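This report describes how two chains are built and how they meet. The structure is shown first.

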Amino acid sequence: MILLSSAILLLALQDKPKAPPKGPPWTTDPRAAKRESLRTGKPIFAYFTKTY
Amino acid sequence: MPVEGQLLPSEELKPLYEKVIWLWVYRSFKKDPGDLAAERVMNRCGASTYPQLLFIDGPSWTVLVECGRSVAEFIKSAENAIARMKKPDPAVERLLVKMNRAKTLLEGGKKDDAAAILSEFKKNDPCEFFAEARELLGLVKPASEEDLADPDADRRADALDLCLAKRVPITKGAMALLSDPDGDVRLRAVAYVAAVAPDRLDFKTLLADPMDGVKFAVLDAGKSAPDPKLAKAGVDAWRDLDAGKIRSGNPNVLRMKLAEILGLSGGEDAVPILEAFASRHEFLNGTTGACVRSLGQLGKRKVKGAAASLINCFPPAVTPEMEKAKHATHCINLARTVHAALQDACGESPSPFPPAWKEDDRKQILEAWTRHVK
(Lines give C-alpha, C1' and ligand atoms only; values in the text may rest on other atoms or scores of the structure.)
Protein backbone atom coordinates (compact mmCIF):
# COMPACT_ATOMS: atom_id res chain seq x y z
CA MET A 1 0.00 0.00 0.00
CA ILE A 2 2.81 2.37 1.00
CA LEU A 3 4.68 1.47 -2.18
CA LEU A 4 1.61 2.14 -4.31
CA SER A 5 1.03 5.52 -2.64
CA SER A 6 4.66 6.48 -3.17
CA ALA A 7 4.46 5.52 -6.83
CA ILE A 8 1.29 7.59 -7.32
CA LEU A 9 2.90 10.56 -5.55
CA LEU A 10 6.02 10.23 -7.71
CA LEU A 11 3.93 10.14 -10.90
CA ALA A 12 1.94 13.17 -9.76
CA LEU A 13 5.13 15.10 -9.08
CA GLN A 14 6.57 14.16 -12.49
CA ASP A 15 3.40 15.34 -14.29
CA LYS A 16 3.25 18.66 -12.43
CA PRO A 17 4.04 21.45 -14.92
CA LYS A 18 7.25 23.22 -14.07
CA ALA A 19 6.97 26.86 -13.08
CA PRO A 20 9.36 29.72 -13.86
CA PRO A 21 11.80 30.73 -11.11
CA LYS A 22 10.43 33.12 -8.53
CA GLY A 23 11.19 36.82 -8.77
CA PRO A 24 11.00 38.36 -12.26
CA PRO A 25 7.64 39.08 -13.95
CA TRP A 26 7.76 36.14 -16.35
CA THR A 27 5.53 35.61 -19.37
CA THR A 28 5.16 32.29 -21.14
CA ASP A 29 3.46 33.78 -24.21
CA PRO A 30 5.98 34.41 -27.04
CA ARG A 31 3.52 36.49 -29.07
CA ALA A 32 2.83 38.79 -26.11
CA ALA A 33 6.57 39.09 -25.42
CA LYS A 34 7.28 40.01 -29.04
CA ARG A 35 4.54 42.69 -29.03
CA GLU A 36 5.76 44.13 -25.76
CA SER A 37 9.31 44.26 -27.11
CA LEU A 38 8.21 46.17 -30.20
CA ARG A 39 5.87 48.43 -28.20
CA THR A 40 8.40 49.37 -25.54
CA GLY A 41 11.76 48.92 -27.25
CA LYS A 42 12.85 46.55 -24.45
CA PRO A 43 14.81 43.37 -25.21
CA ILE A 44 13.43 39.96 -24.33
CA PHE A 45 15.39 37.87 -21.88
CA ALA A 46 14.60 34.28 -22.89
CA TYR A 47 15.33 31.50 -20.45
CA PHE A 48 15.25 28.16 -22.27
CA THR A 49 14.76 25.14 -20.07
CA LYS A 50 13.27 21.66 -20.33
CA THR A 51 11.92 18.78 -18.33
CA TYR A 52 14.74 16.80 -16.71
CA MET B 1 26.62 29.43 -10.93
CA PRO B 2 23.40 27.32 -11.17
CA VAL B 3 20.73 29.24 -13.08
CA GLU B 4 17.80 28.38 -10.86
CA GLY B 5 18.15 28.74 -7.12
CA GLN B 6 21.04 31.19 -7.37
CA LEU B 7 21.20 33.43 -10.44
CA LEU B 8 17.57 34.09 -11.38
CA PRO B 9 16.09 34.85 -7.95
CA SER B 10 19.04 37.12 -7.12
CA GLU B 11 17.98 40.37 -5.46
CA GLU B 12 20.63 42.19 -7.50
CA LEU B 13 18.58 41.60 -10.67
CA LYS B 14 15.54 43.49 -9.31
CA PRO B 15 16.44 46.79 -11.07
CA LEU B 16 16.17 44.86 -14.37
CA TYR B 17 12.65 43.51 -13.75
CA GLU B 18 11.02 46.38 -15.64
CA LYS B 19 13.84 47.01 -18.12
CA VAL B 20 13.60 43.69 -19.97
CA ILE B 21 10.78 41.31 -20.90
CA TRP B 22 11.14 37.99 -19.12
CA LEU B 23 10.16 35.06 -21.34
CA TRP B 24 10.20 31.56 -19.88
CA VAL B 25 10.53 28.93 -22.62
CA TYR B 26 9.92 25.44 -21.30
CA ARG B 27 10.15 22.25 -23.41
CA SER B 28 8.09 19.39 -21.98
CA PHE B 29 8.49 17.29 -25.18
CA LYS B 30 4.82 16.37 -24.87
CA LYS B 31 4.18 17.76 -28.38
CA ASP B 32 1.19 19.70 -27.05
CA PRO B 33 0.48 23.33 -28.14
CA GLY B 34 2.60 24.76 -25.31
CA ASP B 35 5.55 22.55 -26.21
CA LEU B 36 5.19 23.38 -29.92
CA ALA B 37 5.18 27.13 -29.13
CA ALA B 38 8.36 26.65 -27.07
CA GLU B 39 9.99 24.62 -29.87
CA ARG B 40 9.21 27.42 -32.33
CA VAL B 41 10.80 30.09 -30.14
CA MET B 42 13.88 27.90 -29.81
CA ASN B 43 14.07 27.44 -33.57
CA ARG B 44 13.60 31.16 -34.20
CA CYS B 45 16.38 32.07 -31.77
CA GLY B 46 18.63 29.21 -32.88
CA ALA B 47 18.75 27.85 -29.32
CA SER B 48 19.71 24.19 -29.20
CA THR B 49 20.89 23.45 -25.66
CA TYR B 50 19.44 23.69 -22.14
CA PRO B 51 19.50 25.70 -20.05
CA GLN B 52 20.25 28.65 -22.30
CA LEU B 53 20.04 32.34 -21.45
CA LEU B 54 19.67 34.75 -24.34
CA PHE B 55 18.78 38.38 -24.79
CA ILE B 56 16.62 38.69 -27.89
CA ASP B 57 15.43 41.46 -30.17
CA GLY B 58 11.72 40.66 -29.91
CA PRO B 59 10.49 41.81 -33.32
CA SER B 60 13.00 39.68 -35.26
CA TRP B 61 13.89 36.98 -32.66
CA THR B 62 17.54 37.83 -33.34
CA VAL B 63 19.97 37.00 -30.53
CA LEU B 64 21.47 40.24 -29.20
CA VAL B 65 23.64 38.81 -26.44
CA GLU B 66 24.36 35.34 -25.09
CA CYS B 67 24.15 35.75 -21.36
CA GLY B 68 26.74 34.68 -18.78
CA ARG B 69 25.77 32.72 -15.68
CA SER B 70 26.99 35.10 -12.97
CA VAL B 71 25.03 38.08 -11.65
CA ALA B 72 27.69 40.51 -12.92
CA GLU B 73 27.71 38.93 -16.38
CA PHE B 74 23.91 38.93 -16.48
CA ILE B 75 23.71 42.65 -15.65
CA LYS B 76 26.40 43.48 -18.23
CA SER B 77 24.62 41.40 -20.89
CA ALA B 78 21.28 43.06 -20.10
CA GLU B 79 22.78 46.56 -20.37
CA ASN B 80 24.41 45.62 -23.68
CA ALA B 81 21.10 44.25 -25.02
CA ILE B 82 19.12 47.32 -23.87
CA ALA B 83 21.60 49.60 -25.64
CA ARG B 84 21.26 47.64 -28.88
CA MET B 85 17.45 47.81 -29.11
CA LYS B 86 15.71 50.04 -31.64
CA LYS B 87 13.16 52.69 -30.67
CA PRO B 88 9.62 51.48 -29.87
CA ASP B 89 7.11 51.31 -32.72
CA PRO B 90 4.17 53.61 -31.83
CA ALA B 91 1.87 51.70 -34.24
CA VAL B 92 1.90 48.68 -31.89
CA GLU B 93 0.27 50.65 -29.08
CA ARG B 94 -2.58 51.69 -31.42
CA LEU B 95 -3.04 48.13 -32.67
CA LEU B 96 -3.02 46.81 -29.12
CA VAL B 97 -5.76 49.26 -28.06
CA LYS B 98 -7.79 48.19 -31.07
CA MET B 99 -7.34 44.49 -30.30
CA ASN B 100 -8.32 44.97 -26.66
CA ARG B 101 -11.45 46.88 -27.75
CA ALA B 102 -12.44 44.01 -30.03
CA LYS B 103 -11.87 41.49 -27.24
CA THR B 104 -14.05 43.52 -24.85
CA LEU B 105 -16.82 43.62 -27.46
CA LEU B 106 -16.54 39.85 -27.96
CA GLU B 107 -16.77 39.27 -24.21
CA GLY B 108 -19.86 41.47 -24.14
CA GLY B 109 -21.49 39.38 -26.87
CA LYS B 110 -21.21 42.10 -29.54
CA LYS B 111 -19.78 39.78 -32.19
CA ASP B 112 -20.60 41.92 -35.25
CA ASP B 113 -18.99 45.04 -33.80
CA ALA B 114 -15.93 43.00 -32.80
CA ALA B 115 -15.73 41.38 -36.24
CA ALA B 116 -15.79 44.81 -37.90
CA ILE B 117 -12.72 45.84 -35.91
CA LEU B 118 -10.91 42.52 -36.24
CA SER B 119 -11.31 42.48 -40.03
CA GLU B 120 -9.35 45.75 -40.22
CA PHE B 121 -6.06 44.17 -39.14
CA LYS B 122 -3.68 44.01 -42.09
CA LYS B 123 -1.78 40.91 -43.17
CA ASN B 124 1.64 42.53 -42.89
CA ASP B 125 1.45 43.79 -39.31
CA PRO B 126 4.68 43.02 -37.43
CA CYS B 127 3.04 41.62 -34.32
CA GLU B 128 0.67 38.92 -35.53
CA PHE B 129 -2.50 40.93 -34.81
CA PHE B 130 -3.87 39.66 -38.12
CA ALA B 131 -3.30 36.05 -37.03
CA GLU B 132 -4.89 36.67 -33.63
CA ALA B 133 -7.89 38.40 -35.25
CA ARG B 134 -8.39 35.39 -37.48
CA GLU B 135 -8.27 33.10 -34.45
CA LEU B 136 -10.82 35.24 -32.58
CA LEU B 137 -13.12 35.26 -35.60
CA GLY B 138 -12.99 31.45 -35.72
CA LEU B 139 -11.58 31.52 -39.24
CA VAL B 140 -8.65 29.19 -38.54
CA LYS B 141 -9.05 25.89 -40.38
CA PRO B 142 -6.75 22.86 -40.25
CA ALA B 143 -3.53 23.59 -42.12
CA SER B 144 -3.44 22.89 -45.84
CA GLU B 145 -0.91 23.20 -48.68
CA GLU B 146 -2.32 26.66 -49.47
CA ASP B 147 -0.98 27.90 -46.14
CA LEU B 148 2.58 27.73 -47.48
CA ALA B 149 1.95 31.35 -48.52
CA ASP B 150 0.14 32.42 -45.32
CA PRO B 151 1.29 35.69 -43.72
CA ASP B 152 1.49 33.94 -40.32
CA ALA B 153 4.78 32.05 -39.82
CA ASP B 154 3.12 29.43 -37.60
CA ARG B 155 0.69 28.58 -40.41
CA ARG B 156 3.50 28.30 -42.96
CA ALA B 157 5.32 25.99 -40.55
CA ASP B 158 2.19 23.86 -40.05
CA ALA B 159 1.71 23.64 -43.83
CA LEU B 160 5.30 22.44 -44.28
CA ASP B 161 4.85 19.74 -41.63
CA LEU B 162 1.69 18.63 -43.42
CA CYS B 163 3.44 18.55 -46.82
CA LEU B 164 6.26 16.50 -45.29
CA ALA B 165 3.85 14.02 -43.70
CA LYS B 166 1.94 13.61 -46.98
CA ARG B 167 5.10 13.69 -49.14
CA VAL B 168 3.54 16.36 -51.35
CA PRO B 169 5.70 17.07 -54.46
CA ILE B 170 7.83 20.20 -53.98
CA THR B 171 6.40 23.44 -55.39
CA LYS B 172 8.04 26.78 -56.13
CA GLY B 173 6.28 28.16 -53.05
CA ALA B 174 7.81 25.49 -50.83
CA MET B 175 11.29 26.13 -52.25
CA ALA B 176 10.91 29.84 -51.47
CA LEU B 177 10.43 28.97 -47.79
CA LEU B 178 14.06 27.74 -47.61
CA SER B 179 14.94 31.44 -47.40
CA ASP B 180 11.96 32.53 -45.29
CA PRO B 181 12.73 35.28 -42.77
CA ASP B 182 11.39 33.06 -39.99
CA GLY B 183 13.91 30.53 -38.65
CA ASP B 184 11.32 27.95 -37.63
CA VAL B 185 9.86 28.00 -41.15
CA ARG B 186 13.31 27.60 -42.75
CA LEU B 187 14.07 24.63 -40.52
CA ARG B 188 10.82 22.86 -41.43
CA ALA B 189 11.35 23.71 -45.13
CA VAL B 190 14.76 21.99 -45.02
CA ALA B 191 13.22 18.89 -43.40
CA TYR B 192 10.52 18.78 -46.10
CA VAL B 193 12.73 19.37 -49.15
CA ALA B 194 15.46 17.05 -47.81
CA ALA B 195 12.91 14.25 -47.47
CA VAL B 196 11.08 14.74 -50.77
CA ALA B 197 13.61 16.24 -53.21
CA PRO B 198 17.08 16.39 -51.59
CA ASP B 199 18.77 17.16 -54.94
CA ARG B 200 17.05 20.56 -54.91
CA LEU B 201 18.80 21.77 -51.75
CA ASP B 202 21.38 24.52 -52.33
CA PHE B 203 23.94 23.24 -49.82
CA LYS B 204 26.31 26.21 -50.00
CA THR B 205 23.58 28.71 -49.16
CA LEU B 206 22.01 26.55 -46.46
CA LEU B 207 25.33 25.82 -44.73
CA ALA B 208 25.83 29.59 -44.44
CA ASP B 209 22.38 30.08 -42.84
CA PRO B 210 22.63 32.23 -39.70
CA MET B 211 20.75 29.57 -37.74
CA ASP B 212 22.66 26.51 -36.54
CA GLY B 213 19.49 24.43 -36.64
CA VAL B 214 19.26 24.86 -40.43
CA LYS B 215 22.92 23.93 -40.93
CA PHE B 216 22.56 20.89 -38.64
CA ALA B 217 19.35 19.77 -40.39
CA VAL B 218 21.04 19.88 -43.82
CA LEU B 219 24.01 17.87 -42.54
CA ASP B 220 21.84 15.35 -40.67
CA ALA B 221 19.74 14.81 -43.80
CA GLY B 222 22.92 14.32 -45.84
CA LYS B 223 24.02 11.36 -43.71
CA SER B 224 21.53 9.02 -45.36
CA ALA B 225 23.47 8.60 -48.61
CA PRO B 226 26.80 9.77 -50.07
CA ASP B 227 26.56 13.09 -51.89
CA PRO B 228 29.76 14.62 -53.35
CA LYS B 229 27.98 17.98 -53.86
CA LEU B 230 27.26 18.19 -50.13
CA ALA B 231 30.85 17.19 -49.34
CA LYS B 232 32.18 19.96 -51.61
CA ALA B 233 29.91 22.47 -49.84
CA GLY B 234 31.06 20.96 -46.52
CA VAL B 235 34.74 21.61 -47.32
CA ASP B 236 33.92 25.24 -48.20
CA ALA B 237 31.80 25.62 -45.05
CA TRP B 238 34.64 24.30 -42.84
CA ARG B 239 37.08 26.80 -44.38
CA ASP B 240 34.53 29.63 -44.06
CA LEU B 241 33.93 28.69 -40.42
CA ASP B 242 37.68 28.82 -39.73
CA ALA B 243 37.86 32.20 -41.50
CA GLY B 244 34.91 33.61 -39.53
CA LYS B 245 32.77 33.94 -42.66
CA ILE B 246 30.19 31.51 -41.25
CA ARG B 247 28.87 32.14 -37.76
CA SER B 248 27.86 29.42 -35.36
CA GLY B 249 26.80 29.37 -31.73
CA ASN B 250 28.19 25.85 -31.48
CA PRO B 251 31.10 25.55 -33.92
CA ASN B 252 32.32 22.33 -32.35
CA VAL B 253 29.05 20.52 -33.08
CA LEU B 254 29.02 22.02 -36.57
CA ARG B 255 32.54 20.71 -37.26
CA MET B 256 31.60 17.29 -35.90
CA LYS B 257 28.63 17.08 -38.28
CA LEU B 258 30.74 18.39 -41.17
CA ALA B 259 33.38 15.75 -40.39
CA GLU B 260 30.77 13.00 -40.61
CA ILE B 261 29.66 14.24 -44.05
CA LEU B 262 33.26 14.52 -45.27
CA GLY B 263 33.92 10.94 -44.18
CA LEU B 264 30.88 9.70 -46.04
CA SER B 265 31.20 11.69 -49.25
CA GLY B 266 34.43 13.70 -49.20
CA GLY B 267 37.37 13.54 -51.58
CA GLU B 268 41.04 14.50 -51.48
CA ASP B 269 40.31 18.09 -50.45
CA ALA B 270 38.70 16.83 -47.20
CA VAL B 271 41.90 15.12 -46.00
CA PRO B 272 43.99 18.18 -44.97
CA ILE B 273 40.99 19.73 -43.22
CA LEU B 274 40.25 16.66 -41.11
CA GLU B 275 43.93 16.01 -40.47
CA ALA B 276 44.55 19.60 -39.32
CA PHE B 277 41.88 19.25 -36.65
CA ALA B 278 42.61 15.66 -35.59
CA SER B 279 46.37 16.25 -35.33
CA ARG B 280 45.72 18.77 -32.57
CA HIS B 281 45.16 15.62 -30.45
CA GLU B 282 42.36 17.19 -28.39
CA PHE B 283 41.31 13.93 -26.79
CA LEU B 284 38.63 15.59 -24.63
CA ASN B 285 36.85 16.90 -27.72
CA GLY B 286 34.47 14.53 -29.52
CA THR B 287 35.14 16.30 -32.83
CA THR B 288 38.69 14.91 -32.81
CA GLY B 289 37.36 11.34 -32.82
CA ALA B 290 34.83 12.25 -35.54
CA CYS B 291 37.64 13.58 -37.76
CA VAL B 292 39.74 10.45 -37.16
CA ARG B 293 36.87 8.09 -38.00
CA SER B 294 36.13 10.09 -41.16
CA LEU B 295 39.76 9.86 -42.26
CA GLY B 296 39.44 6.10 -41.77
CA GLN B 297 36.35 6.08 -44.01
CA LEU B 298 38.17 8.14 -46.66
CA GLY B 299 41.09 5.72 -46.46
CA LYS B 300 38.73 2.79 -46.95
CA ARG B 301 37.51 4.47 -50.13
CA LYS B 302 41.19 4.80 -51.15
CA VAL B 303 41.12 8.61 -51.11
CA LYS B 304 44.71 9.73 -51.61
CA GLY B 305 46.61 10.69 -48.46
CA ALA B 306 43.87 9.72 -45.99
CA ALA B 307 45.57 6.66 -44.45
CA ALA B 308 48.98 8.38 -44.21
CA SER B 309 47.42 11.43 -42.55
CA LEU B 310 46.08 9.26 -39.72
CA ILE B 311 49.63 8.53 -38.48
CA ASN B 312 49.88 12.22 -37.47
CA CYS B 313 46.69 11.86 -35.46
CA PHE B 314 48.09 9.49 -32.78
CA PRO B 315 48.08 11.50 -29.53
CA PRO B 316 51.21 11.83 -27.39
CA ALA B 317 52.03 9.11 -24.85
CA VAL B 318 50.30 9.25 -21.47
CA THR B 319 52.12 11.53 -19.04
CA PRO B 320 51.92 11.65 -15.21
CA GLU B 321 50.11 15.00 -15.57
CA MET B 322 47.40 13.33 -17.69
CA GLU B 323 47.02 10.59 -15.10
CA LYS B 324 46.77 13.16 -12.33
CA ALA B 325 44.05 15.03 -14.24
CA LYS B 326 42.25 11.72 -14.95
CA HIS B 327 42.69 12.31 -18.68
CA ALA B 328 44.82 9.23 -19.44
CA THR B 329 41.83 7.07 -20.44
CA HIS B 330 40.66 9.72 -22.94
CA CYS B 331 44.14 9.89 -24.45
CA ILE B 332 44.35 6.09 -24.78
CA ASN B 333 40.84 5.96 -26.27
CA LEU B 334 41.85 8.46 -28.94
CA ALA B 335 44.98 6.42 -29.75
CA ARG B 336 42.75 3.32 -30.02
CA THR B 337 40.36 5.21 -32.34
CA VAL B 338 43.24 6.23 -34.62
CA HIS B 339 44.48 2.62 -34.67
CA ALA B 340 40.98 1.36 -35.58
CA ALA B 341 40.62 4.02 -38.29
CA LEU B 342 43.94 2.93 -39.82
CA GLN B 343 42.71 -0.67 -39.75
CA ASP B 344 39.53 0.49 -41.54
CA ALA B 345 41.59 2.36 -44.12
CA CYS B 346 44.09 -0.45 -44.76
CA GLY B 347 41.88 -3.48 -44.20
CA GLU B 348 44.44 -4.99 -41.80
CA SER B 349 46.77 -4.09 -38.95
CA PRO B 350 50.54 -4.65 -38.79
CA SER B 351 50.41 -4.90 -35.01
CA PRO B 352 47.77 -5.20 -32.27
CA PHE B 353 47.06 -2.11 -30.18
CA PRO B 354 49.40 -2.18 -27.16
CA PRO B 355 48.06 -2.75 -23.64
CA ALA B 356 49.48 0.63 -22.52
CA TRP B 357 50.20 3.98 -24.23
CA LYS B 358 53.66 4.88 -23.00
CA GLU B 359 56.43 6.45 -25.11
CA ASP B 360 57.79 3.05 -26.27
CA ASP B 361 54.32 1.71 -27.17
CA ARG B 362 53.62 4.81 -29.19
CA LYS B 363 56.97 4.67 -30.98
CA GLN B 364 56.49 1.00 -31.96
CA ILE B 365 52.95 1.47 -33.27
CA LEU B 366 53.88 4.59 -35.23
CA GLU B 367 56.83 2.80 -36.85
CA ALA B 368 54.69 -0.25 -37.68
CA TRP B 369 51.94 1.82 -39.27
CA THR B 370 54.38 4.09 -41.12
CA ARG B 371 56.05 1.03 -42.73
CA HIS B 372 52.65 -0.51 -43.50
CA VAL B 373 51.07 2.57 -45.06
CA LYS B 374 54.11 3.30 -47.21
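The text below covers the chains, the sheet they share, their contact, and some helix packing.

The model is predicted: local features need pLDDT of at least 70, side-chain atom pairs count only at pLDDT 80 or more, and totals for chains, interfaces and linings use all residues. Residues are numbered from 1 along each chain as its sequence is written, while chains are lettered from A and ligands numbered from 1 in the order in which they are written.

**Chains.** Chain A has two helices and two strands, in the sequence pattern α-β-α-β. Helices (H or I, at least four residues) and strands (E, at least two) are DSSP runs, numbered from the N terminus. Of the 52 residues of chain A, 29% count as buried; a residue is buried if 20 or more other C-beta atoms lie within 10 Å of its own, exposed if 12 or fewer, and partly exposed in between, with C-beta atoms placed from the backbone. Chain B is divided into domain 1 (3-84), domain 2 (90-140) and domain 3 (201-373), with bounds from an automatic or database domain assignment. Between domain 1 and domain 3 of chain B, the C-alpha centres lie 35 Å apart.

Five strands form an open sheet with mixed pairing, in the order 1(A)-1(B)-2(A)-2(B)-3(B). Strand 1 (26-27) of chain A and strand 3 (62-66) of chain B stand at the edges, each with a single partner strand, so one side of each has no neighbour in the sheet. Two strands pair if DSSP finds at least two bridges between them. Strand 2 (residues 44-50) of chain A and strand 2 of chain B run antiparallel and are joined by five bridges. The table gives two of the facing positions.

| Residue in chain A | Opposite residue in strand 2 of chain B |
|---|---|
| A:Ala46 | B:Leu54 |

Helix 2 (residues 30-40) of chain A touches strand 1 and strand 2 of chain A together with strand 1 of chain B, and its direction makes about 155° with that of strand 1 of chain B. Helix 2 of chain B touches strand 2 of chain A together with strand 1, strand 2 and strand 3 of chain B, at about 115° to the direction of strand 1 of chain B. Axes are lines fitted to C-alpha atoms, for helices over the stretch in contact, and angles run from 0 to 180 degrees between N-to-C directions.

**Contact between the chains.** In total, 45 residues of chain B are in contact with 31 residues of chain A, contact meaning that the C-beta atoms of two residues, placed from the backbone, lie within 7 Å. Strand 1 of chain B gives the most to the side of chain B that touches chain A, with seven residues. By class, that side of chain B has 33 nonpolar, three polar and nine charged residues. Ala, Val, Leu, Ile, Met, Phe, Trp, Tyr, Cys and Pro count as nonpolar, Asp, Glu, Lys and Arg as charged, and the others, Gly among them, as polar.

**Helix packing in chain B.** The axes of helix 14 (residues 270-278) and helix 15 (residues 286-300) of chain B come within 9 Å and cross at roughly 145°. The residues of this contact divide into nine nonpolar, three polar and one charged. In helix 6 (residues 129-136) of chain B, the buried residues are B:Phe129, B:Phe130, B:Ala131, B:Ala133 and B:Arg134. These buried residues pack against helix 4 and helix 5 (111-118) of chain B.
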